[in-house]
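Visitor: Could you walk me through this structure with me? I'd like to begin with the space inside.

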Amino acid sequence: MQRINFRFPGGKAKAFTISYDDNTTGDARLIKKMEEYGIKGTFNIIASEIPEEEDQNPKDPTYVFLSYDHAKELYSKPIIEPANHGYTHKWMQTVPATVAMEDIVKCRVTLEKMFGEIITGFAYPYGTYNDKLKEIIGMAGITYARTVCSTREFDLPTDWLELNPTCHHDDPELKKIAENFVNLKPENEPKMFYVWGHTFEFDRNDNWELVDEFFDMIGGHDDIWYATNGEICSYCNVCEKLQYSADSSIIHNPTDKKIWMEIDNILVTLEPGETYFARV
């Protein structure tokens, strides 16, 4: 064999995902658009800011936290992954490790009780982090953590605790980047387009029309896997568990997940427990 590259579910070489922070009421409008266009994504929740009722007379109507019932309804949808944004949205690299750990775990516990599922995704509050904080979140059971460091590229991360997005939705090059991704035909490693933001920014910038324009460009493509942050991370981690013979002529899938691969330009699927033998 000359070339082995893993592929996303369905044999696709491209994935698209989004994430939005702070659990504000604008999320409802975005999620409705996501349902219309078949987009999936992750919403990073500040667990201490889930009131029983939404503020009816806010000082800033663009920044109102979703009520408990509304948040639970929205973030329980199949296209949505709820994730951790810190219990109190602290500047975590500036506080003692014990304080940061408590805040992260408390957010996990709160969200896991709320949604009845394991929460291992995370977005760094204020986008700031360091190596010590990465170590702390790893010990807290976090499997991926999004930064705010836009790359304008589509490479998968080498470190999922330093998950850099492609760009913010207000990036002036967003449409050009989207067009490049749609036209991209990966020959080797699979690619991921990742957009992030806050929904209150659409109100403050009066540019909700951007959502329809962008989703119309990026949605509905047969060669793109639309997934949440966690789904992409989980699948990539499963692919890392494949076992190879010394010359790569034998490949075994020891996991309980189906894996797609492209071997010398031929699409191959490995069922759970299956072993692939190359023709010699």
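Visitor: Which helix gives the most to the lining of the largest cavity?
Guide: Helix 7 does, with four residues, in a predicted model where local features need pLDDT of at least 70, side-chain atom pairs count only at pLDDT 80 or more, and totals for chains, interfaces and linings use all residues. Residues are numbered from 1 along each chain as its sequence is written, and side-chain values use heavy atoms, without hydrogens and water. Helices (H or I, at least four residues) and strands (E, at least two) are DSSP runs numbered from the N terminus.

Visitor: What counts as a cavity and as lining?
Guide: On a 1 Å grid over the protein atoms alone, a cavity is a set of points where a 1.4 Å probe fits but cannot get out, and lining residues have an atom within 4 Å of a point.

Visitor: And how much space lies in the largest one?
Guide: About 60 Å³, taken as the space filled by probe spheres set on the points, which are joined across faces, edges and corners; a search of the whole structure finds one cavity of 30 Å³ or more.

Visitor: Which residues line it?
Guide: Among them are Ile-18, Tyr-20, His-169, Phe-214 and Phe-215, and strand 2 (14-21) and helix 7 (209-218) each supply at least two residues of the lining.

Visitor: New topic: in what order do the strands of the open sheet come?
Guide: Three strands form it in the order 10-11-14, with antiparallel pairing, where two strands pair if DSSP finds at least two bridges between them. Strand 10 (243-244) and strand 14 (275-277) are the edges, each pairing on one side only.

Visitor: How many bridges join strand 11 to strand 14?
Guide: Three bridges join strand 11 (residues 250-252) to strand 14, and His-252 has Thr-275 in strand 14 as its bridge partner.

How values were computed: 1 Å grid on protein atoms, 1.4 Å probe; cavity = no way out; pocket = protein on both sides within 12 Å on 5 of 7 lines; lining within 4 Å.
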